Every structure is written in C-alpha cells, then in structure tokens.
Amino acid sequence: MKSMPEIVGRGEFDALVVRTDYDNETAWQAVAAELAQAWGDDGEYEASVHLVDDPAWSGLTPDEVLDQARRDENLSVVFVADRVTMQSPHRALLALDIADDEDEDLDPLPYQVIIGSPPPREFRTVPAGVHDVHANLSIANMDFSEFAEMASSDPDRTYRSL
C-alpha cells in the first residue's frame, strides 16, 4: 500500500469522512453541504465532521481506508465517499466498522449464534445519517450491527436516520 498522509486536525467529536472518488466535484460538493447541516430533532446539534478531501486518497479500497483510520484509537466508524456515493441519488456514504477482527472486545459468537453469520462490518448511510451513527457509536449507545440492520431493512439498503 502506498504511503498516505496522516489524518490531522480531527476534533475529538468529529465524524471522519474520507473522499476516495474524484470524478464528480458537483456530487462531492452536495455531499459536503449535506454533512454540514445541523442535525437532531429540529436541527438542535451542530454538524461536527472532519473531511479528508485530498487526491492522495483517490481510489483507495475500504480496507486501505480502514488501515489508515485505525491509527486513531478514538474512532469507532469511518465514512467513505466513494464512487457509489457520487453516483447514488441519495449520496449514500459507506460506513465502515473500525473494530479490528482480532479486537479483544469484539465477540462475534453471540451474533453468529443468533443471526447465523458474523456481524456486519459495513453499510451505506445518507449524509444526514452520519451524525446519528457517529454520535451513538462514540458513546456506545448503539452497536454498529444495529445500524447495519436498519440499513438492510431499507429498500435501498441505506440507513436514513433515527
């Protein structure tokens, strides 16, 4: 894997969004504008997002983004603005679970016994959902798999928002 620039300047409570597709600047501007919108009931919370918008990240795979994002031990999720995001009418970002498969605190056995498969490691979310997901995972109010399940029940397989 090529050497990537460090992710610097992310505030402690900022959701991390990494752009990996540079073919549609208009689509990216729409995503960034949606991410900047206040969120919560009646827009009670200010958006807190750190955008990585550097062509050095162009074309990276989700696994390569995860490798870089895992350097930040305070992150539980990273969002990727990839080709699917830019082509989707909903601008659905890819949400990736930061937890490493070998993390000590990840016990997939109960999930496998109940559901019959390992816990999901990714799902798509509209930009407005980024804040719900990041905030709830950051305070351990919900699990990644709960958001993935909500996304899987949507006709477009996309998490919309709480």
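The model is predicted: local features need pLDDT of at least 70, side-chain atom pairs count only at pLDDT 80 or more, and totals for chains, interfaces and linings use all residues. Residues are numbered from 1 along each chain as its sequence is written, and side-chain values use heavy atoms, with hydrogens and water left out.

**Overall fold**

The protein has six helices and six strands. These are DSSP runs numbered from the N terminus (helices: H or I, at least four residues; strands: E, at least two). Their order from the N terminus is β-α-β-α-β-α-β-α-β-α-α-β. Of the 162 residues, 41% count as buried. Buried means under 20% relative accessible area, exposed over 50%, and partly exposed in between (1.4 Å probe, protein chains only). Take the contacts (heavy atoms within 4.5 Å). Among those between residues at least 6 apart in sequence, 69% join residues at least 24 apart.

**Aromatic cluster**

The whole structure holds five aromatic pairs. Rings of Phe, Tyr and Trp (its six-membered ring) pair if their centres lie within 6.5 Å; planes under 30 degrees apart count as stacked, over 60 as edge-to-face and the rest as tilted. Two of the pairs share F123.

| Pair | Centre to centre | Angle between planes | Class |
|---|---|---|---|
| F123 and F144 | 5.0 Å | 50° | tilted |
| F123 and Y159 | 6.4 Å | 75° | edge-to-face |

F123 lies in strand β5 (residues 122-125) and F144 in helix α6 (residues 144-152), so their pair ties together parts 21 residues apart in sequence. The other partner, Y159, sits in strand β6 (residues 158-159), 36 residues from F123. F144 is buried. F123 is buried too, at a relative accessible area of 6%. Y159 is also buried, at 2%. Ring pairs link F123, F144, F147 and Y159 into a cluster.

**Second largest pocket**

A pocket is an open set of points on a 1 Å grid over the protein atoms alone, where a 1.4 Å probe fits, with protein on both sides within 12 Å along at least five of seven lines; lining residues have an atom within 4 Å of a point. The second largest pocket holds about 220 Å³ of space. Its lining has 14 residues, and W39, G40, D41, Y45 and D132 lie nearest the centre. Helix α5 (residues 127-138) gives the most to this lining, with four residues. By class, the lining has six nonpolar, four polar and four charged residues. Ala, Val, Leu, Ile, Met, Phe, Trp, Tyr, Cys and Pro count as nonpolar, Asp, Glu, Lys and Arg as charged, and the others, Gly among them, as polar.

Terms used. Points joined across faces, edges and corners; volume = space filled by probe spheres on them.
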